[in-house]
Each structure stands twice: as C-alpha cells, then as structure tokens.
Amino acid sequence: MYNIAATQTACEAHEPTFLKSVESYFDTASKLSNVSEGTLSHIRAVDSMLRVTFPIELDNGKIEVIEGYRAQHSRHRLPVKGGIRYSEEVDLQEVEALASLMTFKCAVVDVPFGGAKGGIKIDPSRYTLDQLERITRRYTMELCQKKFIGPGLDVPAPDVGTGPREMSWIMDTYRQFNLSDVNSQGCVTGKPLEQGGVRGRTEATGLGVYYGVREFLSYPEVQKKTGLSGKMKDTTVVIQGFGNVGYYAAKFFESNGAKVIGVGERTGAIYDPQGLDVEALYNYYRENSSFKGYSDRAELMDESVQILERECDILIPAALERQIGLRNADKIKAKIVGEAANGPVTPGAHEAMEKRGIVVIPDLLLNAGGVTVSYFEWLKNLSHVRFGRMNKKWDESVRSKLLNVVEENAGRTLTEAERKQIVHGAEEADLIYSGLEDTMISSCEETRQTAKLKDVDYRTAAYVNAIQKIGAVYEGSGMIFMN
C-alpha cells in the first residue's frame, strides 16, 4: 500500500509512531486541562485489547492463519465505538492509537461513546468475495465470544478496506449468536439502508470535513493569518486520498464554489491549477485505476505524497497516517491543512507548519462527521423508526396552513413550486445533514474559544476539551474500586 512509501518519504527515522504521536498530543494538552494526575493516567491507558488468530482455507486447499485485533480505549461511556479496517499494516500499536483517537474524537463532538478500533491484517484485494465473507464472519464470531461487540457494548463501523457489505456480514453474524436481542441492528453502523443504515452515512465524513473547513474559514483570526477572504468561492483545494472521504470532501468543496486543483491516490497524483471535474475524474480513476490519460493539460505525479507540496489554499490529507513529516513539512505551500485522515501529520511537522503560519485543523475534530452520523444511525436502530416518519406530514400541514394565512393577507398566491419548497417537511437525510452541520459548527466554535482562552493551537485546544469532558465523567462517577 502506498502509505509505506509515503511514510518513508515524509518522516525522519526518529519521528514517533502513530501511537506515540497521539500520546504526545495528549501529554501536551493534559498539562492545560486541570484534570488530576490519577484521572489523566486512567484516560491515557487502553482499557482492553483483544488479539485473535484463526485459520481460513483458501481455494487451493492451503490454510492461512488470519490475525485480527480489537482495542477498547475508554469505557467511560458505553458503548465504545470505532471502525474495523482491513490492511496489511494493521498491528497492535496502530489499533491502540486509533482507539485512543476515537475516544477523544467522540468527546470533542459530544457523541456519548467511548473509543475503540479494530482491524484484520490482510490485503482485501488478494481474497475472493467468499473468502472475505468467511474472514469477516469468523472475526465477528470471535468478537461475540469475547463480548467485544453489541449495541450496548461495542459498536464497530467501516474503515479503510471495509464498507457497508462487511457491516452487513457483521450484523448478520451477531444476530445468529444473539437471536433474542431486539436491538441487534445497532451492533454495527455504516450498514446499507435496507439493513438499517441511515441516509447520509456514506458521505458523512467528507461532508463533516467541508463543514469544518468552512467554519474555520469564517473566523476573522484565520482570515488574518492566512490572507484568505473567508468565502469558499474560488478557494483552491488539493486532496490526497480519493476514497470515500476524499471523494465526498472534494464533491462538497466543488459544489460550494471551491476549485479542486489536485488529487492524489495510491497509484499517483494529478494537478491542474485551472481545476478538475471531481465526478469525471473519480469515474475515470475507478475505471482505469490511474490518472494517466485523463487530461493532456494536467501535471501527473508518480507518488501520492508529491501532491501535498503543490500550491493551494486548502490541503486535505485524506489517506492514511504520517503523510506529512519533518522531511516535507517545510515544503507544504497550503494556507490551511485540514486533517481528513487519522494522524496524517507528525508532532514535529505540526509544530513546523504552525510556526510558518499554516492553520492546522486537527483530525479529532475535522473527521468526526463519520462517528457523528454513526451515532444517529445507532439511535435510529434503537428507536426502530426512521427519522422524520413521525413528524414530516404534521410539519407540512402546519406550514401549509400558515402559508394560506400569509397568502390571504399578502394578496398573492404562490406558485406550486414555491409552495412545495416552503411546505416541504424534513426527510431523514435533511435531519441527518442538519444534525451533522450543527454538531460541526458548535464543536469548531468550542475548539476556537479554548484556543483563544489557553493561547494554543487548535489541535491542543481540541484535546484539552476532550480530556476535560472525559475527566468530568470519570471524576463525577467516582471510579469504583480505584482507591
């Protein structure tokens, strides 16, 4: 996978691992949090760690032993929440780091979950559909037996290398082991609609990235620091990573007036200062697995990390961790770096960019759209009713009566199209988008205020907020058996 080369290219040998980076950010923020040392030690540690191995028979008759992990970082709130990734790079440290980040991410956006993460150490492209299903179901069986999954215990979601298909297999396997659990749909999120998923989950993380960058662009102090106008129109954007998150982030930036001028993927990158058509480029890449031949005008690059160093207003690393390190931090030309991926910037690179006046919007805030909408999906599964089903028609009826009064007094009758637009009651997708936007607006503002109050960067501010919220839960509950 391209992240190996990217990490080697971007990071010096002495730079910390992903887990050490998260711990470093935590330690910096904890000194400003006013939370007791004992509670901080509790928050820092991973609560539970599961490592499993199991055999799978391949088509040629050979047996392969598969390795899987699940980490539960903090059970200060239940259930714990976090994705499951399929990657050859999955290991104990990575899963622990991602679980820790999930704890802080949920706290930053006020989603009442603890943090968790899981992974299976495979390259999914090397396996048939049948083999992937067997691997997924066997891994889920291990989670069921060890009590590492359940709507009130631990709720996985998609991550790198997984999607709605794998979530459906996980849910079905959990059901076979828990036939009497009426809330079994809530054991996992990111499911297809017909399996209890929610409208808006697919694009949630990318949309949250757009909302977050839009909010920071509107802050006068960010405008002063970057020289940007605060308007999205004609702002130039470069995105590294053209999977689910990168694609939808690019789409929302483009549809709101920004100009996407560069995109990087594992097979290379493409850069055109005059702008790229996101949908056309995405379809071309899906068909050809390469950007070569898409445009005679655009510049092509062999390595995904090269796109990070191109001129732009906003840079969105949406691939994997450790993409910007000490080796390339001084080459970043963007005015704002928005972390759509988890841990794409090392602590040293973060400090170097901040000193140069680059605004870094941290991952635990910016890419929290996915877990926010996963929370909405979980609520839908527990309530057993689609959002909007109970109130849509009532809202439309009230608005229609109000419009009739307005029309009578104004002496003008609205057209059918105008009436429909005003009267329209909220559908599920409308409510999901609204909830996500409100969450991102309030979380960005909270981070901004803490940054001002403590005179720190936005990453430290977000961690301070998260630590204080988690600390309040632990200290308020008394932490039974601690003394």
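Mentor: Let us begin with a pair of charged side chains: Lys225 and Glu354 meet in a salt bridge, at 3.6 Å from N to O. This pair links distant parts of the chain, with Lys225 in helix α8 (residues 220-226) and Glu354 in helix α11 (residues 347-355), 129 residues apart. The model is a predicted one, in which local features need pLDDT of at least 70 and side-chain atom pairs count only at pLDDT 80 or more, while totals for chains, interfaces and linings use all residues. Residues are numbered from 1 along each chain as its sequence is written, and side-chain values use heavy atoms, with hydrogens and water left out.

Trainee: Why is the contact of Lys225 and Glu354 called a salt bridge?

Mentor: The term requires a side-chain nitrogen of Lys or Arg within 4 Å of a carboxyl oxygen of Asp or Glu. Lys225 and Glu354 are at 3.6 Å, N to O, so the pair meets the definition.

Trainee: What makes Glu354 count as buried or exposed?

Mentor: Buried means under 20% relative accessible area, exposed means over 50%, and partly exposed lies in between (1.4 Å probe, protein chains only). Glu354 has 18% relative accessibility and therefore counts as buried.

Trainee: How many salt bridges does the structure hold, and which residues do shared partners join into one network?

Mentor: The structure holds 39 salt bridges. Salt bridges that share partners join Arg85, Glu94, Lys117, Asp159 and Glu321 into one network.

Trainee: What is the N to O value for the salt bridge of Arg327 and Glu12?

Mentor: The side chains of Arg327 and Glu12 meet at 3.4 Å. They too link distant parts of the chain: Arg327 is in the loop between β10 (314-317) and β11 (336-338), and Glu12 is in the loop between α1 (2-10) and α2, 315 residues apart. Helices (H or I, at least four residues) and strands (E, at least two) are DSSP runs, numbered from the N terminus. Arg327 is partly exposed because its relative accessible area is 37%, and Glu12 at 29% likewise counts as partly exposed.

Trainee: Where do Glu23 and Lys20 lie?

Mentor: Both lie in helix α2, 3 residues apart, about one turn of the helix. Glu23 has 18% relative accessibility and so counts as buried, whereas Lys20, at 45%, is partly exposed.

Trainee: Which helix gives the most to the lining of the second largest cavity?

Mentor: Helix α2 gives the most, with 3 residues. The residues lining the second largest cavity include Val22, Glu23 and Phe26, and its space is about 40 Å³. In the largest cavity, too, helix α2 (residues 18-30) supplies the largest share of the lining, 4 residues.

Methods: 1 Å grid on protein atoms, 1.4 Å probe; cavity = no way out; pocket = protein on both sides within 12 Å on 5 of 7 lines; lining within 4 Å. Points joined across faces, edges and corners; volume = space filled by probe spheres on them.
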